[in-house]
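Work through the following exercises with the sequence and the three-dimensional view side by side. Each task is followed by a solution that goes step by step.

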Amino acid sequence: MTTRRLLAATAVAASLAAPVAAPAHEGHAHGGEEPKPVVTTAAPTLETSSSDFELVAVAQGRTLLVHLDRFATNEPVNGATVEVSADGEAATASPVSGEEGVYRLDPSWLSKPGSHEVTVSVTAADAADLLIGTLEVPASAAEGQTGGAQGVSAVLGQVRNDSGLMLGAVMVFLLGVLTTVALTQRGRTRTVAGAALVGIGLLLASGAAFAHGGEDHSHGDEDKGKAAAVPTGATGASESPRRLPDGSLYVPKPSQRLLSVRTIVAKPQEAAQTVQLIGQVIADPNGGGHVQATQSGRIEPGDKGLPYVGQRVEAGQILAYIAPAVTFVDRSGIQQQIATVEQELVIAESRLQRLRKLEGSVPQRDIEEAEANLNGLRKRRAALSPALTTKEALRAPISGVVTANNIKAGQVVEGRDQVLFEIVDPSRLMVEAVAFDPRVANAIKAATAMTADGTSLSLELLGSSLALRQQAIPLLFRIGNPPSGLGVGQPVRLVAQVQGTASGIVLPRQSVVRNASGQPIVWQHDTPQRFVARPVRTQPVDGNTVLILAGVEPGARIVTDGAGLLNQVR
Amino acid sequence: MKFSTLLLAAALFTAPATAFADGPKIGPNGGQRADAGPYHVEVVLKGNDVVLYVTDGADKPVDVTGAKAEATVLANKQTQKVALEPAGGNALKGQANLGGAHDSVKVVTALTMPGQKPVQARFEMGHAGH
């Protein structure tokens with residue numbers, strides 16, 4: 001309770017003291033209670049923009065760093081001539097090597113405190129422009145001191161050195177404390193307030209003691225230690241991107257370069273109405289093949305070994321052989337037949353030879369019969385003999401990539417029902433989607449598909465089935481120029497264009513991100529170093545672009561590249 | 001009190017940007033008008049003459065005796081500085097080399113009223129300015 005009253009007293013005193021401090025310290029936030037975000041930057045910063053360029057100049061010590069970007073795209077501008085003039089002094093900035101679109105100069109006016117009206121003349125290859133702005137150089141920054149004696153300490157130093165200001169400050173503090181004492185009638189509070197008064201009096205009277213700033217903590221209970229900490233610790237922390245109290249983002253130019261933030265200017269456009277479908281990648285019936293055996297047998301590798309999954313094969317290439325499986329009974333039967341045929345062959349040959357010797361005395365008909373008999377037996381033997389040794393060659397039916405290999409060398413396979421190899425031609429893949437609304441199925445003109453990893457496929461409608469499958473109409477699309485890495489069976493999300501148009505702002509898909517509550521938003525580039533989230537209503541146009549139906553004004557600069565990274569700034 | 005000071009500071013800081021965001025406004029002399037600190041300034045290009053008219057926030061003419069002004073003119077990719085001298089009433093006048101081209105000329109004026117700090121204003125001349 002007492003602490004709270006003490007805080008109230010110091011708050012009243014601080015607010016009364018504010019007008020004294022303000023002229024020396026304009027534009028800096030002293031606390032966190034402002035509803036409108038005021039960006040506290042470590043270094044004096046000038047932000048300005050025109051229809052061509054966006055410029056952020058940051059004073060670092062005696063050096064002015066100028067970040068120059070395109071207004072519409074936020075691309076850094078390289079090779080421009082940047083002339084900065086202020087206080088009647090003009091100087092050309094030189095590009096900083098190794099950095100894109102950064103120029104530096106060391107103007108003498110930068111060491112003078114106060115506000116400087118700056119004119120920047122920019123001449124790039126394709127555009128020239130004049131930009132203006134005001135750069136506020138605080139007294140402490142101009143003195144170029146190290147860390148401690150900046151901000152509030154410097155103001156306090158100024159107050160101490162000026163007797164009039166000091167008198168005013170002392171009176172203001174007295175007034176504040178007395179107000180609190182008058183408001184609170186309890187003795188203990190009065191004691192504390194008296195102690196605070198004595199402490200403040202000592203503090204103000206202590207002369208040069210805290211001109212060097214190390215003692216900021218000694219008056220931390222005056223609610224000013226916090227404010228003093230901002231400029232002191234600012235060189236590192238304040239120059240990192242951060243979320244402002246109203247939810248917008250402060251992203252310094254160096255961070256924007258690092259995240260390679262790019263924007264486009266929103267333009268209203270007409271786009272086709274779309275529907276979304278779910279589909280999967282399938283192989284073209286003419287671009288996919290199975291290899292099966294026609295009989296049971298044992299697998300033997302082909303000349304180049306068995307094909308492995310992922311190997312490219314050509315049509316007609318021998319993938320494997322099948323040595324026919326002949327049972328023992330069959331084998332002995334065949335061998336018996338061969339023996340019989342060979343026996344008959346020997347008899348037939350000797351008979352034909354005998355008849356030939358008696359040619360002229362035996363009827364010609366007998367000789368011809370014997371010859372025919374011998375030829376027939378030879379053919380029978382020729383047909384029988386390879387039955388035990390001939391292998392069946394398994395050939396690739398099409399050129400493509402082996403997608404399945406179900407066998408190993410030496411494996412015994414059954415005929416027909418077993419698929420040994422599957423081959424798919426990756427250049428002839430299709431997408432099969434299902435539509436539940438027959439009107440949609442009939443209205444589709446063109447479509448694009450997105451895989452789970454974000455690859456976009458352009459699709460050409462081949463046709464739709466007349467027979468429903470599970471109450472849905474299958475639609476078949478051919479993939480134009482299929483990218484590598486596409487797999488059969490892969491699920492895809494289709495965005496199909498139907499007749500009719502919708503108007504809105506067309507943006508790339510990566511522009512739309514989701515905020516903490518899951519609402520789709522885009523980031524608008526509001527001022528050079530500030531980004532504002534805009535909740536939007538979207539409709540997909542195709543796999544890569546979306547249509548913003550509401551939430552973005554025409555002409556706004558919307559972040560395309562780097563939106564996901566901006567979204568993670570906390 | 002503190003909050004209003006901050007608001008004032010913010011307003012002063014964003015004034016040039018606001019002037020740009022509002023787009024060109026036409027002044028009583030037919031030129032473009034913009035905010036410059038507490039004043040409204042209007043730039044008219046006639047031939048090679050650059051004329052700057054100064055009015056206050058309520059568009060009442062302000063006597064510019066003793067005032068100084070400088071115009072930075074970007075025409076044909078060339079930047080030139082033109083000193084503007086008081087030319088009676090609320091006008092300051094100077095000579096620039098515009099080469100007859102008044103379109104896509106950009107002008108920045110820095111006006112210093114007697115006893116005050118300089119204030120800047122920016123103009124983009126297009127067809128609307130004539």
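**Exercise 1.** Determine how many helices and strands chain B has, and in what pattern they follow each other.

*Solution.* Begin with the count: chain B has one helix and nine strands, where helices (H or I, at least four residues) and strands (E, at least two) are DSSP runs, numbered from the N terminus. Next, read along the sequence, which gives the pattern α-β-β-β-β-β-β-β-β-β. Before going further, note that this is a predicted model, in which local features need pLDDT of at least 70 and side-chain atom pairs count only at pLDDT 80 or more, while totals for chains, interfaces and linings use all residues. Residues are numbered from 1 along each chain as its sequence is written, and chains are lettered from A and ligands numbered from 1 in the order in which they are written.

**Exercise 2.** Find the order of the strands in the nine-stranded open sheet of chain B, and name the strands at its edges.

*Solution.* First, trace the order, which is E1-E2-E3-E4-E7-E6-E5-E8-E9 with antiparallel pairing; two strands pair if DSSP finds at least two bridges between them. Second, look at the ends of that order: strand E1 (25-26) and strand E9 (119-125) of chain B each have a single partner strand, so one side of each is left without a neighbour in the sheet. Third, take one pair inside the sheet, where strand E3 (residues 39-46) of chain B runs antiparallel to strand E4 (residues 49-55) of chain B and is joined to it by seven bridges. Within this pairing, B:Tyr53 in E4(B) is the residue opposite B:Glu42.

**Exercise 3.** Describe the open sheet of eight strands in chain A.

*Solution.* The strands stand in the order E1-E2-E3-E6-E5-E4-E7-E8, and their pairing is antiparallel. At the edges are strand E1 (45-49) and strand E8 (128-137) of chain A, each pairing on one side only. From one strand to the next the twist averages 25°, an angle that runs from 0 to 180 degrees between N-to-C directions, with axes fitted as lines to C-alpha atoms. As an example of a pair, strand E5 (residues 89-95) and strand E6 (residues 102-105) of chain A are antiparallel over two bridges, and A:Ser94 faces A:Arg104 in E6(A).

**Exercise 4.** Which residues have the most contacts inside the largest nonpolar core?

*Solution.* The core is a set of buried Ala, Val, Leu, Ile, Met, Phe, Trp, Tyr and Cys residues joined through C-beta atoms within 7 Å; a residue is buried if 20 or more other C-beta atoms lie within 10 Å of its own, exposed if 12 or fewer, and partly exposed in between, with C-beta atoms placed from the backbone. The largest such core has 63 residues, and those with the most contacts inside it are A:Val66, B:Val41, B:Leu52 and B:Leu111. Strand E2 (residues 53-60) of chain A gives the most to this core, with six residues. Apart from it lies another core, of 39 residues, including A:Leu277 and A:Val313.

**Exercise 5.** Is A:Glu344 buried or partly exposed?

*Solution.* Locate A:Glu344 in helix H9 (residues 328-357) of chain A. A:Glu344 is partly exposed, because 16 other C-beta atoms lie within 10 Å. Finally, compare positions along the chain: A:Glu344 and A:Leu374 are 30 residues apart, and their C-alpha atoms are separated by 8.6 Å.
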